[in-house]
Amino acid sequence: MNFLERFAAGWRKNRKPGYYDEFDYHWSMTIDLDRCTGCEACVTACQAENNLPIVGEKAMAKGREVQWIRIERYWEGEYPDIKLRFIPMMCQQCDAAPCETVCPVSATYHNQDGLNTQIYNRCIGTRSCAVYCPYEVRYFNYNDHKWDSPLDQQLNPDVTVREKGVMEKCTFCIQRIRQAKDHAKDDGRRRVRDGEVQPACVQSCPTQALVFGDAKDPTSQVSKSMNDPRAYRVLDELNTAPSVVYLKKVEAKDNHAG
Amino acid sequence: MPAESNDLQYADIHRDVVRSIVETGRTYYITLATAAGITLVCFFFPWFYQLYYGIGAAGMNHPGVWGTYLASFIFWIGLSHSGTLLSCVLHLTNSPWRKAIYRSAEAMTLFSLMVAATMVMVHLGRPWFIHWTVPYPNQMELWPNFRSPLLFDVMAVTTYLTGSSLFIYMGTIPDFAAVRDRTTGWRNHMYSLLSLGWRGTDKEWHRLHWAYTFLAVLIIPLAVSVHSIVSWDFAMSIVPALHQTIFAPYFVVGAIYSGTAGIVTVMFVLRKSMNFGQYINASHFDNLGKLLLVLSLLWTYINVVELFTGWYSGTSTEYEALKYKLFGYYALMYWEMILFCAVLPLLCIFKRFRTSFLPMLILSIAINIGMYTERFLIIATSLSRQYLPDAWGLYVPSLVEISILIGSLALFVTMFLLFVKIFPSVSMYEVKETMDTPKAEPAAPPQGSPA
């Protein structure tokens with residue numbers, strides 16, 4: 001192998017997202033829109049699990065809410081023939097994430113689990129990742145937040161409380177993933193079993209519309225679900241390679257079928 | 001300089017310029033105090049409040065995470081452009097009319113760059129960690145992200161700042177020496193230090209010219225790269241209406257455009273306030289007017305291209321961004337920008353307009369208002385209409401932001417006012433080069449060195 005070939009091989013290797021040859025896991029999620037009722041249980045669960053601030057009425061009106069997962073609502077059609085559609089939207093954990101390239105201090109990067117991580121301590125608050133993100137799922141702390149008593153008693157000790165000037169977003173509940181990996185190691189297992197770890201939103205979904213797991217394991221529930229013919233990715237044409245796969249809602253074409 | 005045919009002598013130039021440094025009137029102190037006061041009240045107090053409270057003191061929100069601070073950053077970088085760039089290009093092309101104006105133009109570059117760097121600090125959520133964007137060895141063993149256009153930006157701006165400070169300083173050394181020889185007391189000490197022991201020997205002149213030309217050649221590509229890189233902060237995103245290849249030339253042309261307009265403004269003020277009528281005259285305004293006309297046409301062309309690309313892309317997101325820009329919430333500002341930057345400058349076609357001072361001043365201010373609007377709109381309209389309609393929003397600047405914008409202008413003026421009392425604001429030796437050597441006095445040497 002001559003020098004050029006070796007250089008090209010090395011270059012290609014380093015071009016891989018996150019600089020890893022291969023991910024240890026590839027945490028992924030599928031969201032079945034046929035099952036989603038838009039109940040927002042996931043939103044509440046996320047709020048409780050991840051110490052999301054309660055920003056208050058004023059900040060909400062200014063558009064400064066922090067919701068790592070949100071239910072987007074779209075109205076379709078005109079009045080008598082109107083339909084409401086939901087789509088839960090959270091960080092898509094893109095494998096080719098635009099937010100990762102723009103952060104000047106590498107506060108957001110890809111880890112070996114295929115997760116798009118955010119390091120709060122490293123963030124200097126340029127907010128460029130939020131601009132670069134096409135899914136608009138990055139939330140900024142415009143000021144320090146206060147939890148009124150007794151809410152301050154329910155803060156999750158496994159999760160940081162973010163200070164002002166820091167960007168944050170969905171982590172796929174990385175604290176639970178870490179815990180599951182630790183348990184697996186304690187049990188002398190190499191890998192986490194399928195279903196052993198669930199983010200708060202998946203755990204709380206009453207219709208089990210959300211499925212979480214390792215896409216590298218072909219037998220996992222999420223891998224099977226991703227092979228569904230209804231599967232699609234949001235804004236796939238942007239080539240961000242999201243790890244969240246949506247299953248399209250299927251309807252009878254004719255409204256008067258029944 | 002043809003207009004210098006009046007009875008200016010070498011000694012007159014020294015007298016005039018040293019007078020502008022040494023003699024300080026009451027008006028100057030009042031202006032300085034006002035500017036410094038406004039800076040303190042409108043810039044630093046709101047900024048300190050924002051540091052205490054968080055970026056929430058500004059009007060930014062969920063889709064509009066970037067706001068006027070970043071617009072100001074681009075604006076000040078742009079304003080910095082013409083100074084040193086113009087000075088370099090004119091130096092290399094041997095344009096004699098550059099010599100009276102370039103010192104103040106370069107100072108403008110330096111101070112706008114400083115204000116721009118300050119605006120970055122204001123923009124950041126946690127500015128106390130800004131040093132993390134610089135690659136320095138540290139105990140955390142962390143590097144900045146070299147793939148980030150923001151990091152390119154840090155590199156480009158610091159290099160440009162270093163280069164243009166060296167350029168202005170190097171060009172002033174002979175003048176520092178001239179002032180040193182005509183002042184006493186603490187000023188004499190200060191200028192002795194600043195002039196680095198300049199004696200005016202042939203060897204020194206030779207080296208100065210060599211180094212000066214070298215720096216001029218170095219700075220031109222730097223100036224072009226700085227604003228291209230600033231544009232990449234936007235163009236390298238995938239936001240509709242920002243993700244365009246035209247952005248680098250667009251920003252460079254826009255920068256030189258607003259910078260040239262800025263020079264016209266500064267020249268008018270210098271001419272009035274320092275009685276530099278003999279040095280800065282109608283011919284300068286005429287030439288700069290021609291430059292403004294060319295730049296405005298270029299700028300208009302690029303704007304048309306930008307609209308065309310959006311339309312030609314044929315995607316719904318680009319259409320929406322385009323429609324929002326032309327007819328959305330900020331439409332009035334868009335058409336104001338077109339009026340100020342594309343239509344009004346066409347008046348420069350007429351020589352009578354170019355050579356009249358007051359209309360040129362008004363035009364130059366209008367252009368810069370228009371250019372600020374352009375920078376604001378690039379951010380505000382694009383961020384408001386991105387891919388997911390659920391995340392569409394509206395960004396309106398808060399009082400703190402407006403106050404800081406006004407305060408940043410005052411900060412610039414304050415620095416400039418301090419500059420004119422320390423630096424000889426007209427390059428004495430280069431103005432002398434354009435004059436005939438004195439013949440009347442028998443004592444004058446036949447081919448006297450201009451120093």
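Guide: Two strands pair if DSSP finds at least two bridges between them. This is a predicted model: local features need pLDDT of at least 70, side-chain atom pairs count only at pLDDT 80 or more, and totals for chains, interfaces and linings use all residues. Residues are numbered from 1 along each chain as its sequence is written, with chains lettered from A and ligands numbered from 1 in the order written.

Visitor: In which order do the four strands of the open sheet in chain A stand?

Guide: Strands here are DSSP E runs of at least two residues, and helices H or I runs of at least four, numbered from the N terminus. The pairing in this chain A sheet is mixed. β8 (210-214) and β9 (231-232) of chain A each have a single partner strand, so one side of each lacks a neighbour in the sheet. The order is β8-β1-β10-β9.

Visitor: Which residue of β10(A) is the bridge partner of Thr30(A)?

Guide: β1 (residues 27-32) and β10 (residues 244-247) of chain A run parallel, joined by four bridges. Thr30(A) has its partner in β10(A), and that partner is Val245(A).

Visitor: Which element gives the largest share of the side of chain A that touches chain B?

Guide: The contact (C-beta atoms, placed from the backbone, within 7 Å) takes 33 residues from chain A and 34 residues from chain B. On the chain A side, β2 (70-76), α4 (98-102) and α5 (128-132) are the elements giving two or more residues. The largest share is four residues, and it comes from α5(A).

Methods:
Two residues are in contact if their C-beta atoms, placed from the backbone, lie within 7 Å.
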